[in-house]
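I opened my notebook to look this one up piece by piece. Here is the structure, and my entries follow.

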There are 2 protein chains.
Amino acid sequence: MYIGIDLGGTNIAVGLVSESGDILHKDSVPTGARRHYTEIMKDMAQLSVKVIADAGYSVEDVKAIGVGSPGTPDKEKGILVYTNNINFKNVPMRTEIQKYINLPVYIDNDANCAALAEAIAGAAKEANHSITITLGTGVGAGIIIDKKIYSGFNDSGGELGHIVIHMDGEQCTCGRKGCWEAYGSATALIRQTKHAAKMNPDSLINKLVDGDLDKIDGKTAFDAQRAGDKVGINVVNNYIKYLGEGLTNVINIFQPEVLVIGGGICKEGDRLINPLKEWLEIHVYCKDVARTQIKTAVLGNDAGIIGAAMLGRR
Amino acid sequence: MYIGIDLGGTNIAVGLVSESGDILHKDSVPTGARRHYTEIMKDMAQLSVKVIADAGYSVEDVKAIGVGSPGTPDKEKGILVYTNNINFKNVPMRTEIQKYINLPVYIDNDANCAALAEAIAGAAKEANHSITITLGTGVGAGIIIDKKIYSGFNDSGGELGHIVIHMDGEQCTCGRKGCWEAYGSATALIRQTKHAAKMNPDSLINKLVDGDLDKIDGKTAFDAQRAGDKVGINVVNNYIKYLGEGLTNVINIFQPEVLVIGGGICKEGDRLINPLKEWLEIHVYCKDVARTQIKTAVLGNDAGIIGAAMLGRR
């Protein structure tokens with residue numbers, strides 16, 4: 001068994017996870033992200049101890065602790081080098097957690113953990129090579145090669161959301177212009193929907209939010225599209241194109257066996273996935289070979305805990 | 001020792017290569033690319049036999065034959081699935097070569113072979129993870145992870161030249177619009193130089209080619225830039241930006257220890273590499289970690305033979 005800790009800006013979620021990636025028991029506490037890191041690490045360790053005990057086991061039954069954190073890890077040293085979601089710089093996660101619980105501690109980026117979870121216990125469990133893309137505030141990504149996370153020689157690769165797909169285009173939070181994230185994230189879809197609503201005040205989009213554009217979310221354009229609204233159809237079609245351009249790039253680069261798409265927007269199901277598949281069928285570089293399967297993520301919010309736990313399985 | 005065969009549209013080059021990647025002896029014959037593939041494979045095998053004999057060895061001294069070919073291989077079956085450079089479709093290279101010489105035969109894409117050569121015996125030999133980009137007719141690329149070629153589950157990944165960097169931009173030969181190759185290849189630089197010369201008939205570029213724009217090559221804009229010509233400076237600056245956008249993408253994705261740049265344009269040396277390094281310093285995603293080293297390729301045309309030979313080293 002392994003402990004998986006999913007460190008988020010809002011909550012710390014901890015789970016006891018089996019060898020095959022099933023959560024046996026889980027619990028969470030607020031992160032209190034503004035506190036000193038020593039306090040946050042203490043809570044992570046103490047909640048781990050509690051989860052093990054509440055599940056009826058002891059620390060000796062557990063092989064390792066894995067932590068999925070936003071930002072850039074130094075995996076070898078067990079340090080979180082940097083994240084801007086929580087105010088961390090060079091936080092010695094391994095050392096701090098081991099003050100309270102005597103187990104090996106492994107850390108990795110949260111998007112990588114989600115991809116590892118889908119690769120071991122989720123939508124890509126049959127595949128050796130898979131990529132998981134999460135459409136949320138940004139475009140998160142994890143690259144799995146031979147069932148292991150690939151993140152380059154300095155642990156900071158896999159930033160597929162920061163591939164520029166439109167030079168000199170939309171400003172991205174990373175400083176560059178035209179990143180895929182600035183077109184394909186849920187945040188970008190909301191911006192695109194708001195812009196269309198502003199330009200077309202008579203559209204169904206405006207009615208759906210009672211004229212209050214701040215109520216627009218990642219679902220609004222799809223709702224308008226479903227109802228046959230021209231503006232909604234247009235917003236969704238453009239968004240599919242933006243996703244399609246980025247996903248075609250990812251497949252041309254990696255040709256993974258399975259490409260998993262996660263995040264809230266995936267609730268649209270076939271309305272999202274089918275046109276994407278059509279796009280990829282046409283645009284992917286090599287057509288004479290076996291094709292990448294496109295799937296939606298299946299583990300939802302548990303992916304963070306499961307993937308973090310699986311860091312200990314080596 | 002290994003035999004490496006570099007199959008090109010013009011010549012078949014064969015070399016006898018040591019375990020560490022040194023060429024002991026080499027020879028070449030014209031490809032005669034319009035002939036039936038059985039004839040071409042026969043020449044590849046017979047030249048291999050000749051190279052071994054001319055070097056004073058016998059077939060028993062050789063462990064394996066590797067073939068670097070344009071196009072998409074099926075590595076397991078030893079088949080070249082498709083290439084448009086030579087008119088090949090599902091060519092059983094392994095079987096054909098083994099009719100004439102009884103050795104294991106491995107095949108891979110030529111750009112992957114060049115990257116493997118640089119990784120084992122060239123500019124990236126100190127690195128476990130490296131990427132080699134070749135700026136030529138297209139933008140070729142090979143991904144090396146743990147000293148091995150990565151090309152996805154269907155052997156057709158690694159097409160870094162076919163990352164769209166400018167949606168709806170320049171037409172690419174692959175059918176998409178805005179691929180990096182359509183901006184960053186030598187072909188693209190020549191197109192950009194011609195366009196600038198047409199728009200600015202008084203520029204030094206026009207004088208350098210005696211007004212005959214068909215004489216423009218990958219060096220012309222750099223020559224004009226060196227002489228202080230404004231139009232030349234502008235063409236080179238834009239080209240550096242196009243390369244920089246693509247290379248930043250590649251580093252954000254892979255964070256390789258070493259990124260090798262090859263192709264004729266590399267003869268520009270520091271005039272090309274220094275501004276690229278400055279671009280990358282500013283634009284790469286994560287700045288708090290060890291940085292990728294940028295190097296120029298050192299093996300030149302021999303990379304094809306050496307990399308193909310190294311396919312047998314497993």
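**Sheet in chain A**

I started with one bridge: Ile144(A) is partnered by Ile149(A) in strand 11 of chain A. Before going on, I noted that this is a predicted model, where local features need pLDDT of at least 70, side-chain atom pairs count only at pLDDT 80 or more, and totals for chains, interfaces and linings use all residues. Residues are numbered from 1 along each chain as its sequence is written, while chains are lettered from A and ligands numbered from 1 in the order in which they are written.

Strand 10 (residues 139-145) and strand 11 of chain A run antiparallel and are joined by three bridges. My terms: helices (H or I, at least four residues) and strands (E, at least two) are DSSP runs numbered from the N terminus, and two strands pair if DSSP finds at least two bridges between them. In general, strands of a sheet pair through backbone hydrogen bonds, either parallel or antiparallel.

Then I looked up the whole sheet: it is open, has five strands in the order 11-10-9-12-13 (chain A), and its pairing is mixed. Strand 11 (148-150) and strand 13 (293-296) of chain A are at the edges with a single partner strand each, so one side of each has no neighbour in the sheet. From one strand to the next, the twist averages 30°.

Helix 3 (residues 110-121) of chain A lies across strand 9 (130-135), strand 10, strand 11 and strand 12 (258-262) of chain A, at about 50° to strand 10. Axes here are lines fitted to C-alpha atoms, for helices over the stretch in contact, and angles run from 0 to 180 degrees between N-to-C directions.

**Domains in chain A**

I found domain 1 (2-109 + 302-310) and domain 2 (123-296) in the domain assignment of chain A; such bounds come from an automatic or database assignment. Their C-alpha centres lie 29 Å apart. Six residues from domain 1 of chain A and four residues from domain 2 of chain A make the contact, where contact means C-beta atoms, placed from the backbone, within 7 Å. Strand 5 of chain A gives the most to the domain 1 side, with three residues.

**Helices in chain B**

How far apart are the axes of helix 3 (residues 110-121) and helix 10 (residues 303-310) of chain B? I read 7 Å, with a packing angle of about 85°. These helices of chain B are therefore roughly perpendicular to each other (under 35 degrees is roughly parallel, over 145 roughly antiparallel, 65 to 115 roughly perpendicular and the rest oblique). Their contact has eleven nonpolar, two polar and two charged residues. For these classes, Ala, Val, Leu, Ile, Met, Phe, Trp, Tyr, Cys and Pro are nonpolar, Asp, Glu, Lys and Arg are charged, and the others, Gly among them, are polar.

**Two chains together**

Next I checked the chain contact: 37 residues of chain B are in contact with 37 residues of chain A. Helix 8 of chain B brings the largest share of the chain B side, five residues. That side has 18 nonpolar, 14 polar and five charged residues.

Last, I laid chain B on chain A: a turn of 180° and a shift of 0.0 Å along the axis give an RMSD of 0.0 Å, by least squares on the C-alpha atoms of residues with pLDDT of at least 70 in both. The two copies are thus related as by a two-fold rotation axis. The same surface serves both copies, as 100% of the contact residues of chain B recur in chain A.

Conventions:
Two residues are in contact if their C-beta atoms, placed from the backbone, lie within 7 Å.
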